[in-house]
Amino acid sequence: MLYEVVKFAAAPLANAMCRPHISGAAHVPRSGPAILAANHLSILDSFLLPALLPRHVTFTAKNEYFDGNPVSGFFMRLGGSLPIDRESAHAAQTMLDSAADLLERGELFGIHPEGTRSPDGRLYRGKVGVAWLTLKTGAPVLPVALSGTERVLPVGSKVPRPARIGIAIGEPMQFEGDHTKARDRRRVTDEIMAAIQKLSGQEYVPTYAASFKAANGVS
């Protein structure tokens, strides 16, 4: 109920501020489970996508989004996002188990396979949690390309600003494989990232964004 109240209030604001251009919305199933796998340009991505789609979408978001920025923390909590401690393998698996439960109940789950916001607008290597989810549950994956969201809340800013954004949603992807096998998880993740890159047109970097940030002193 809280989610619906927040969405009722937030959707008009998001539409007015972002003037979104949305393509492929018909690929989102009217019912049943699906995984929305999106690129990650802004800390508000996990709020804007659910606000602008008709169905309830539960996203995962790193702990820092809840605690580091009061604006993003406010929206993450109201939107019902699942927090994740990126430094804890146990916490990450707990989050994936919770996401699998949501999918098995027929809900939509959103995830940023890059694991962290892109430091420079390029698309970075995906982490394999998204593959674990689709292979474990059988839920289809919808690749999603966001654009312009980094202008709504630029790095270092605490106040959102008007900026036009784009949301492109690709056709559902189904995969065969064993979720317990690393090779299958890597293959599926790479296929998902390739689909996101095709939609977004971003330059692809075969390195984890977190590793790039650590090596270059980028937060």
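Biologist: At what angle do helix H6 and helix H7 pack, and how far apart are their axes?

Modeller: Let's start with the general idea: two packed helices are described by the angle between their axes and the distance between the axes. Here, H6 (residues 129-137) and H7 (residues 182-200) pack at about 105°, with axes 8 Å apart. That makes H6 roughly perpendicular to H7, a label for angles of 65 to 115 degrees. Axes are lines fitted to C-alpha atoms, for helices over the stretch in contact, and angles run from 0 to 180 degrees between N-to-C directions. Helices are DSSP runs (H or I, at least four residues), strands are E runs of at least two, and both are numbered from the N terminus.

Biologist: Which residues make the contact?

Modeller: Contact means heavy atoms within 4.5 Å. From H6 come Val 130, Ala 131, Trp 132, Thr 134 and Leu 135, and from H7 come Asp 184, Arg 185, Val 188, Thr 189 and Ile 192. They divide into 6 nonpolar, 2 polar and 2 charged.

Biologist: What kind of model is this?

Modeller: A predicted one: local features need pLDDT of at least 70 and side-chain atom pairs pLDDT 80 or more, while totals for chains, interfaces and linings use all residues. Residues are numbered from 1 along each chain, and side-chain values use heavy atoms, leaving out hydrogens and water.

Biologist: How many residues has the largest nonpolar core?

Modeller: A nonpolar core is a set of buried Ala, Val, Leu, Ile, Met, Phe, Trp, Tyr and Cys residues joined through side-chain atoms within 4.5 Å. Buried means under 20% relative accessible area, exposed over 50%, and partly exposed in between (1.4 Å probe, protein chains only). The largest core here has 26 residues, with Leu 36, Leu 48 and Leu 49 among those with the most contacts inside it. Its largest share, 5 residues, comes from H2. In that helix, 8 of its 8 residues are buried, including Phe 47 and Pro 50. A second, separate core of 25 residues includes Ile 35, Ala 100, Trp 132 and Met 173.

Biologist: And how many aromatic pairs are there?

Modeller: Rings of Phe, Tyr and Trp (its six-membered ring) pair if their centres lie within 6.5 Å; planes under 30 degrees apart count as stacked, over 60 as edge-to-face and the rest as tilted. The whole structure has 1 such pair. Tyr 124 and Phe 212 form a tilted pair, 5.5 Å centre to centre with 55° between the planes. Tyr 124 lies in strand S6 and Phe 212 in helix H8, 88 residues apart.

Biologist: Is Tyr 124 buried or exposed?

Modeller: Tyr 124 counts as buried because its relative accessibility is 0%, whereas Phe 212, at 23%, is partly exposed.

How values were computed:
Parallel < 35°, antiparallel > 145°, perpendicular 65-115°, else oblique. Nonpolar A, V, L, I, M, F, W, Y, C, P; charged D, E, K, R; others polar.
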